Every structure is written in structure tokens, then in C-alpha cells.
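Please look through the model below with the following remarks at hand.

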Amino acid sequence: MGKYKLEIACFNLESASIAQQNGADRVELCANMKEGGTTPDYEITQMAREKLAIDLNVMIRPRGGDFVYSDDEFERMKTEIRVFKKLKIDGFVFGILDKEGAVNETQNKELVTLANPIPCTFHRAFDVVNNVYQSLESIIGCGFKTILTSGQEINVVEGATVLSELVKRANNRITIMPGGGLRSTNVKSLKEKTGASFYHSSAIVDSSAIANAKEIEALKKELD
């Protein structure tokens with residue numbers, strides 16, 4: 001195994017298979033690409049678990065839009081974690097904010113505890129928090145193992161300076177995983193600039209929702 005790892009965000013089973021075949025280290029399974037990813041269908045997740053030998057992380061997000069959830073939505077997230085745990089997945093991906101734009105520590109901690117011993121990633125809700133470095137500490141305090149972020153910018157290239165600072169401040173207490181507009185054309189410079197060890201891409205290069213085999217290969221090559 002190389003020092004650098006690659007996660008592919010997959011919105012269907014076909015992409016998950018392509019990710020595995022072309023050297024991805026992990027699949028993040030979601031539904032609703034246009035909404036930035038929501039909780040995937042249980043049956044599809046079950047099929048993905050059967051197909052994949054590589055790690056499988058599952059998004060827990062009841063809807064698109066903001067990251068402040070109603071009591072009903074929060075209950076639904078808890079139910080989904082309980083159900084998906086039975087599939088022996090390798091990680092959960094979620095993130096809850098409060099109305100002030102800070103990390104909702106109470107709710108996130110509750111979900112991390114519920115997911116235990118399965119590790120959790122705080123997703124790109126991080127890119128809209130008010131205080132980026134204070135939020136980093138909150139998320140570590142909640143027990144997350146990874147933060148998926150574009151450095152609060154529209155993509156990882158624009159966010160490279162913040163990503164670099166996050167990696168420094170995280171100081172191996174949590175994995176900072178750059179994602180958002182990550183491509184084989186920019187991953188090498190990002191790797192040099194940030195020193196991050198895990199990278200996230202959908203590897204989708206056209207109007208389909210299917211991961212591109214050549215792009216995954218190219219990403220892996222740049223990370224080796």
C-alpha cells in the first residue's frame with residue numbers, strides 16, 4: 001500500500017465496481033448526486049457490500065440543502081445508522097450543524113457513539129461552518145476520524161491554503177481528506193501543497209453519473 005489513498009464517491013453500483021477495479025482504496029456510497037449526496041438505498045448498499053472487497057463508507061444524510069436537521073430527520077439518521085451497521089460497512093459519513101453555523105456537538109456525538117466501533121467522517125457540511133479552526137477542534141472532540149473538505153472554497157484548488165493549514169493543525173489527530181473538484185490534473189500539486197494522505201473524488205468527467213475508469217487510474221498514478 002502506498003502512502004496516499006483514494007476514496008471515490010459513487011452514486012450507483014456501476015461506479016463502485018469501476019472504483020474497485022481501477023485501484024481505489026475506498027468507496028463512499030451515496031444517492032442523489034445533484035443534491036451533493038444523500039443516504040443510499042439499503043438494497044443497493046447491501047449489493048455494494050457483497051461486491052466490494054475494498055472499504056465501503058456510507059453517507060447518512062436525510063436530504064439535500066442545509067445541514068440543520070429537524071427532530072424527525074435526526075431520528076431518521078439514527079435509524080439509518082442502526083440499520084446500515086448490520087451490513088458490516090467500514091465507515092459512516094455525516095455532519096450536523098446548528099442554526100448559528102457551528103458544529104452541533106450534541107447530535108454529532110450521539111451519532112458517532114451510535115456508529116461505534118465503525119469510524120465516522122464529517123462531510124462537507126464543514127465547508128459552510130463559521131469558524132473553520134474552532135470547528136476542527138469540535139469535530140475531533142466529537143470523535144470523528146476524518147473530515148472531508150474543500151477548504152471552504154468552491155473546490156480543492158481554491159481551498160489549498162486552508163487545507164494545508166488544517167492538515168498542520170490536525171497534527172495526525174484526525175485525517176483531513178481533500179475533496180470537491182479533485183481531479184488527476186490537480187491532485188499532484190495539491191498533494192505537494194497540503195501534505196494530506198487521503199483524497200476524495202467522484203472521478204466523473206462527463207454528464208453521466210458514472211465514475212470514469214481512466215480518471216481513477218490517473219488519480220492513483222499521481223498519488224503513487
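Predicted model: local features only at pLDDT ≥ 70, side-chain atom pairs only at ≥ 80, totals over all residues.

1. Packing of α1 and α2. Two packed helices are described by the angle between their axes and the distance between the axes. For helix α1, which spans residues 13-21, and helix α2, the angle is about 20° and the axes are 10 Å apart. Angles under 35 degrees count as roughly parallel, and α1 and α2 are therefore roughly parallel to each other. The crossing in which α1 passes α2 is right-handed. On the α1 side the contact is made by L13, S17 and Q20, and on the α2 side by I44, M47, A48 and K51. By residue class, this contact of α1 with α2 comprises four nonpolar residues, two polar ones and one charged one.

2. Packing of α5 and α6. Helix α5 covers residues 132-142 and helix α6 covers residues 160-170; they pack at an angle of about 40°, with 11 Å between their axes. The two helices, α5 and α6, are therefore oblique to each other, and their crossing is right-handed. Helix α5 contributes V132, Y133 and L136 to the contact, while α6 contributes V162, E165, L166, R169 and A170. Six of the residues in the contact of α5 with α6 are nonpolar and two are charged, with no polar residue present.

3. The two sides of α5. Which residues of α5 are buried? They are V132, S135, L136, S138, I139 and C142. Because these residues cover an arc of only 165° around the axis, they lie on the same side of α5. The exposed residues Q134 and G141 are carried by the face of α5 that is turned away from its buried side. The buried residues of α5 are covered by elements that include the helices α4 (105-115) and α6, together with the strands β5 (120-122), β6 (146-149) and β7 (175-178).

4. Y42 and its contacts. Y42 lies in helix α2, which is formed by residues 42-51. Its relative accessibility is 27%, so Y42 counts as partly exposed. If neighbours within four places in sequence are left aside, Y42 is in contact with V83, F84 and L87. By contrast, G101 lies 59 residues from Y42 along the chain, and the C-alpha atoms of Y42 and G101 are separated by 30 Å.

5. Between N116 and P117 the model has a cis peptide bond, with omega of about 5°. P117 itself is found in the loop between α4 and β5.

6. Where in the chain are Q152 and N172 found? Q152 is in the loop between β6 and α6, and N172 is in the loop between α6 and β7. Q152 is a residue other than glycine with a positive phi, near 70°, and N172 is likewise a residue other than glycine with a positive phi, near 65°. As to accessibility, Q152 has a relative accessible area of 27% and is therefore partly exposed, whereas N172, at 78% relative accessibility, counts as exposed.

Note on methods: Residues numbered from 1 in each chain as written. Heavy atoms only, no water. Axes fitted to C-alpha atoms, helices over the stretch in contact; angles between N-to-C directions. Helix = DSSP H or I, 4+ residues; strand = E, 2+ residues; numbered from the N terminus. Parallel < 35°, antiparallel > 145°, perpendicular 65-115°, else oblique. Left-handed = near helix turned anticlockwise from the far one by under 90°. Contact = heavy atoms within 4.5 Å. Nonpolar A, V, L, I, M, F, W, Y, C, P; charged D, E, K, R; others polar. Buried < 20%, exposed > 50% of the residue type's maximum accessible area, 1.4 Å probe, protein only. Arc of directions from axis to C-beta.
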